[in-house]
Amino acid sequence: MISPVLKVSRLTKRFGGFTAVDEVSFEIRPGEILGLLGPNGAGKTTTIQMLLGVVTPTSGSIEAFGLDLSTHREAVLQQVNFSSTYIAMPQSLTVEENLWVVARLYGLNDIVRRVDDVVKKLEMDEFRQKVTRKLSSGQMTRLTLAKAFLTEPRLLFLDEPTASLDPDIAYKIRSLLKEERRSSGLSILYTSHNMREMEEMSDRIIFLQRGRLVAEGTAKAIVARFGKADLEEVFLNFARESSVPLPS
Ligand SMILES: Nc1ncnc2c1ncn2[C@@H]1O[C@H](COP(=O)(O)OP(=O)(O)OP(=O)(O)O)[C@@H](O)[C@H]1O
Ligand SMILES: [Mg+2]
């Protein structure tokens, strides 16, 4: 049996009396794209933050590349990277300066070549010398993705990587992600609120609702299991179940 790249067991996060992530267990296999799906507030970002060691789990365990994150933090995080809309980068630096800084922080060699490579990969030439403060939100998203690719990670956590991208760039990013996993065996945990994208990208999907894992499988299997027409219908079903009714 091929050992998983990531193994999450009964992961739980409580904020005071509120349970944001509730005994969630799942695995990511080498070269797999796992979709993490769920309504707003379901616990997706909190889960990713625990996987990155940014938020400390209340209980449960996280193992990556066969190593426990809590005891082998540095070794694990060296092989992991992420992108999220919440990444703050120095606003007065240009795009390429920011990437050089990141490359240096990670202690990478051959910084100029690496930055040139990701700039090319993500088609950022047009704005590589723009000051970060002046980027459009789609350009900013591409910068955070470039940062994620810079370290050539084995495992990538992407929290809504195509949010605010135009359809053309979103398509290119999806193609790039699929190509990277094909050529380098990259494994990806992926969140999106675009159900068609989830269906297209994910080898498997895990579905969170109010912090609990409520469905797991291929998009096709999940749709069939819930007797719905497509993933969007399954999503609406869960989202409406989990929303609090408005007072009449
Ligand atoms: N630091 C915190 N303190 C208290 N509650 C928090 C904290 N961080 C997150 N939460 C709560 O945990 C729940 C899960 O939030 P999370 O950001 O993980 O959801 P999400 O699935 O990423 O949602 P979205 O689709 O809106 O991005 C929410 O109810 C949120 O308010
Ligand atoms: Mg989120």
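In which handedness of crossing does H4 pass H5? Here are some notes on that and on the ligand site.

1. A word on the model first. This is a predicted model, in which local features need pLDDT of at least 70, side-chain atom pairs count only at pLDDT 80 or more, and totals for chains, interfaces and linings use all residues. Residues are numbered from 1 along each chain as its sequence is written, chains are lettered from A and ligands numbered from 1 in the order in which they are written, and side-chain values use heavy atoms, with hydrogens and water left out.

2. To the opening question: H4 passes H5 in a right-handed crossing (the near helix is turned clockwise from the far one by less than a right angle). Helix H4 covers residues 111-121 and helix H5 residues 137-150 (helices are DSSP runs of H or I, at least four residues, numbered from the N terminus). Their axes are 9 Å apart, at an angle of about 135° (axes are lines fitted to C-alpha atoms over the stretch in contact, and angles run from 0 to 180 degrees between N-to-C directions). H4 and H5 are therefore oblique to each other (angles under 35 degrees count as roughly parallel, over 145 as roughly antiparallel, 65 to 115 as roughly perpendicular and the rest as oblique).

3. On the H4 side, Arg114, Val115 and Val118 meet Ala146, Phe149 and Leu150 of H5 (contact means heavy atoms within 4.5 Å). By class, this contact of H4 with H5 has five nonpolar, no polar and one charged residues (Ala, Val, Leu, Ile, Met, Phe, Trp, Tyr, Cys and Pro count as nonpolar, Asp, Glu, Lys and Arg as charged, and the others, Gly among them, as polar).

4. H5 also packs with helix H3 (residues 95-105), at about 30° and with axes 10 Å apart. That makes H3 roughly parallel to H5. Val95, Leu99, Val102 and Ala103 of H3 make the contact with Leu143, Ala146, Lys147 and Leu150 of H5.

5. With helix H6 (residues 167-184), H5 packs at an angle of about 10°, the axes being 13 Å apart. H5 is thus roughly parallel to H6. Arg142, Leu145 and Phe149 of H5 are in contact with residues of H6 including Ile169, Ile173 and Glu180.

6. Do look at the ligand too: 13 residues surround ligand 1, and the closest are Asn40, Gly41, Lys44, Thr45 and Thr46 (with a heavy atom within 4 Å). Oxygen atoms of ligand 1 lie 2.7 Å from a side-chain N or O atom of Lys44 and 2.6 Å from one of Thr46. For Gly43, a backbone N or O atom is 2.9 Å from a ligand 1 oxygen.

Methods
Helices (H or I, at least four residues) and strands (E, at least two) are DSSP runs, numbered from the N terminus. A polar contact is a pair of N or O atoms within 3.5 Å; within protein, one must be able to donate a hydrogen and the other to accept it, and residues adjacent in sequence count only if both atoms are side-chain atoms.
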